Amino acid sequence: MQVNSTHYLFLSLLLFSIGIMGALMRRNAIIIFMCIELMLNAVNLLLVAFSKIYGDSDAQLFVFFIMVVAAAEVAVGLAIIVMMYRKVHSVDINILNRLKH
Amino acid sequence: MGNFSQLVYLVPLFPLIGFLINGIFWKRMPKNLGGIIGCVAILASFCVSLGIFFEVKNATAPIPPVVLFDFIQSGKLNIPFAFQVDALSSLFLLIITGVGFLIHVYSTSYMHHDEGMVKYFAYLNLFVFSMLLLVLGANYLIMFIGWEGVGLCSYLLIGFWFKNRDYTNAAKKAFVMNRIGDLGFLVGMLLILLNFGTLSFNEFFTQLHGGQAIVSNSTYNWIALCLFIGATGKSAQIPLYTWLPDAMAGPTPVSALIHAATMVTAGIYMIARSGALYSLAPVILHVVAVIGLATAIIAATIAIKQYDIKKVLAYSTVSQLGFMFLALGVGSYTTAVFHVMTHAFFKALLFLGSGSVIHAMGGEQDIRKMGGLGKHMRITQATFLIGCLAISGIPGFAGFFSKDAILADTFAHSPILYYLGIGAAMMTAFYMFRLYFLTFRGSFRGTEEQHHHLHESPAAMTIPLVILAILSVIGGYVGLPEVMSEHNAIASFLSPAVTNFGDHHLAPNTEWTLMAISSASAVIMIFVAYSINRKPNFVPNTGLAKVLENKWYVDEIYDAIVVRPIEALSNLLDKYAERRGIDGLVNGVGKTVRWGGDRLRLLQSGQVGFYIFIMVMGIVVLFGLSFFWIK
């Protein structure tokens, strides 16, 4: 089967949806975090795919930016999760559900 | 003569300064000092007024209005703050400051025990200031400022003893009744402005004399009627007279000031001032005459059956004001002003005399509990008697000349009005001497304690009484009738400022006869009063007498016709329009927002997952929308 650009689009859509569903449904902070990464990478894939389709390399530049930002985010996010674990001995986000009045 | 007319601004300035000093420092000012400041302020304006009076008297040409500054300037409209110096205003200045000064002197003694004495003098000065502004204004607007100021001060002074609910109610009544009239004045003023483009007396009257074709007759009638409505409020004529008897709630010198020298004469002054206008509206003049006569008669009938010494005097004021309006109505404005002057003398005298009586009786005002006071207070009795003789129209006293002049002019105008007027004059003689006999003659009917307390008042009270008594005797000789003297001083003095409407000339024989009739009827009524009240017994009144004692139930009728329906309407509006309508709307908005907030608050659950879900759903919806919309 010939792999063409449409497949890339569907793949990134699939990855993004998995990311959203994971972020919405899971309670484990680390998994949510991973799902967010998944969404970012889905977008990266989409950008690269469009770059290929339109023959324009500008989008690939954005991908590098996103990867840099994602790396920084991971550093901060993981630090938060570690701190959270130290405080409440759990990575279940429902325990932190204290934003209510 | 110096140029006193240019100093005219000093006349109202002195009382204003007195008011400011006493008004600002009334809490810390010693009583005597406050009284002295009040009196000196009025005395100073009296002196300036005298200078102005003589300058006006000797002036050959009319003195132009004294412009102080521009008051309102807008487009073509220009209303300066100007004072009119002419015969009419200078005469009123003398009456107001002269009689006002005597009343001030009297008050220093009468109010000496009152803790608010300095405040009282502040109000009194403000009152005189407003009245001076009223008569000095060279246009209707300045007059209106004084007009409103007088209304305000009457409210303050009638309700001076504000701890008594009845007194404050009387003050409110006076204020509201006056406001009704003021509205008429205001409308009249605006009509003048609309049709003539000016409020200045000189310009307005020049236009009236010049081009009669500018506006239609009905416009003149409307303006004259509106101004007259204003006058009925201030000068206590039917239908707005009921505030004046209630105004007795104030301290007695205030009654003297309101009823004799100042406030109530404002309406007469205004119509006399606008004589040129009224001469063009004969229909309204007729209305003025009829209203005046009706007021004179009705008030006189009520006075016959009153037992409160001040109430009798109050109704006699209303009645005398009715006579003045009768004079205005038959077109002899100078006679009305003449009667204002003599009335100022003898009515101030009577009120101050009654104050002296009340002072001696320790606050008692019911004449049923008096009697035989003459033995204890000779000066008060003698001066009061002179006042009664003057108001009854006994020949030789001031009231005779002015009242006779009014009646003679009325006879020349219409004999029917004359006969009714004679009736009112007879009642005047009757009730005044009823009052005199019940108060000063016979035996004392009060308590033992009051009997011991009886004493003549101090000199500060009796000296003004004596001066006013002298004025009540000689005051009439400035206006001798034609048959007695070639020269009627007051009429010729006023003639540059006031032009009478129609010419009233009676044959000398007729005039003598009229004089004889009115004097004889007054003397007869005095004897009737004497014989009835020699041995007074006070049985409860029945029939007509009861109706009279209750003032024809006018207050009750007004209450039923006007006050209650308005109250009912207000209650209705309060209940439905206010509480349900407006409150419902305002509260409804609040409630809706609150309810909405309550519902929307539920969205803020604090669960981040839920937020993300909403966000995603939002994106999906937007995406879907754009997907279908754009295509």
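Analyst: Confidence comes first, as this is a predicted model. Chain B has an average pLDDT of 87, and 98% of its residues reach at least 70. For the model, ipTM is 0.74 and pTM is 0.80.

Next, the setting. Chain B holds 25 helices and two strands. Its C-alpha trace spans about 115 × 70 × 50 Å along the principal axes. Chain B has 631 residues, and 50% of them count as buried. Take the contacts in chain B with a separation of 6 or more: 82% of them join residues 24 or more positions apart.

Now the part itself. The helix to follow is H14 of chain B, residues 309-329. One partner is H18 of chain B, residues 415-440. The two axes come within 11 Å and cross at roughly 160 degrees. An angle over 145 degrees counts as roughly antiparallel, so that is how H14(B) and H18(B) lie to each other. Their crossing is left-handed.

Which residues of H14(B) and H18(B) meet? From H14(B) come B:Ile309, B:Val312, B:Ser316, B:Ser319 and B:Leu326. From H18(B) come B:Leu417, B:Gly421, B:Ala424, B:Thr428, B:Tyr431, B:Met432, B:Leu435 and B:Thr439. By class, this contact of H14(B) with H18(B) has eight nonpolar and five polar residues, and no charged ones.

H14(B) has another partner, helix H17 of chain B, residues 398-413. Here the axes are 9 Å apart, and the helices pack at an angle of about 40 degrees. H14(B) and H17(B) are therefore oblique to each other. The crossing of H14(B) and H17(B) is also left-handed. H14(B) supplies B:Phe323, B:Leu326 and B:Ala327 to this contact. H17(B) supplies B:Lys403, B:Ile406, B:Asp409 and B:Thr410. By class, the contact of H14(B) with H17(B) has four nonpolar, one polar and two charged residues.

One residue ties the two partners together. B:Tyr418 lies in helix H18 of chain B. Is B:Tyr418 buried or exposed? B:Tyr418 has 23 other C-beta atoms within 10 Å. The cut-off for buried is 20 or more, so B:Tyr418 counts as buried. Leaving out residues up to four places away in sequence, B:Tyr418 touches B:Leu407, B:Thr410 and B:Phe411. B:Leu407 is 11 residues from B:Tyr418 in sequence, with a C-alpha to C-alpha distance of 6.0 Å.

B:Pro251 sits in the loop between helix H9 (243-246) and helix H10 (252-261). B:Pro251 is buried, with 22 other C-beta atoms within 10 Å. Its contacts, not counting residues up to four places away in sequence, are B:Tyr110, B:Met111 and B:Phe160. B:Met111 is 140 residues from B:Pro251 along the chain, yet their C-alpha atoms are separated by 8.2 Å.

Most residues other than glycine have a negative phi, and most peptide bonds are trans. B:Ile238 and B:Pro239 are joined by a cis peptide bond, with omega about 10 degrees. B:Pro239 is in the loop between helix H8 (217-234) and H9 of chain B.

The loop between helix H23 (543-549) and helix H24 (554-601) of chain B holds B:Lys551. B:Tyr553 is found in the loop between H23 and H24 of chain B too. B:Lys551 is not a glycine, but its phi is positive, about 60 degrees. B:Tyr553 is not a glycine either, and its phi is positive at about 55 degrees. How do their surroundings compare? B:Lys551 is buried, with 21 other C-beta atoms within 10 Å. B:Tyr553 counts as exposed, with 12 C-beta neighbours inside 10 Å.

Terms used:
Residues are numbered from 1 along each chain as its sequence is written. Chains are lettered from A and ligands numbered from 1 in the order in which they are written. This is a predicted model: local features need pLDDT of at least 70, side-chain atom pairs count only at pLDDT 80 or more; totals for chains, interfaces and linings use all residues. Helices (H or I, at least four residues) and strands (E, at least two) are DSSP runs, numbered from the N terminus. Two residues are in contact if their C-beta atoms, placed from the backbone, lie within 7 Å. Axes are lines fitted to C-alpha atoms, for helices over the stretch in contact, and angles run from 0 to 180 degrees between N-to-C directions. Angles under 35 degrees count as roughly parallel, over 145 as roughly antiparallel, 65 to 115 as roughly perpendicular and the rest as oblique. A crossing is left-handed if the near helix is turned anticlockwise from the far one by less than a right angle, and right-handed if clockwise. Ala, Val, Leu, Ile, Met, Phe, Trp, Tyr, Cys and Pro count as nonpolar, Asp, Glu, Lys and Arg as charged, and the others, Gly among them, as polar. pLDDT is the predictor's confidence in each residue, from 0 to 100.
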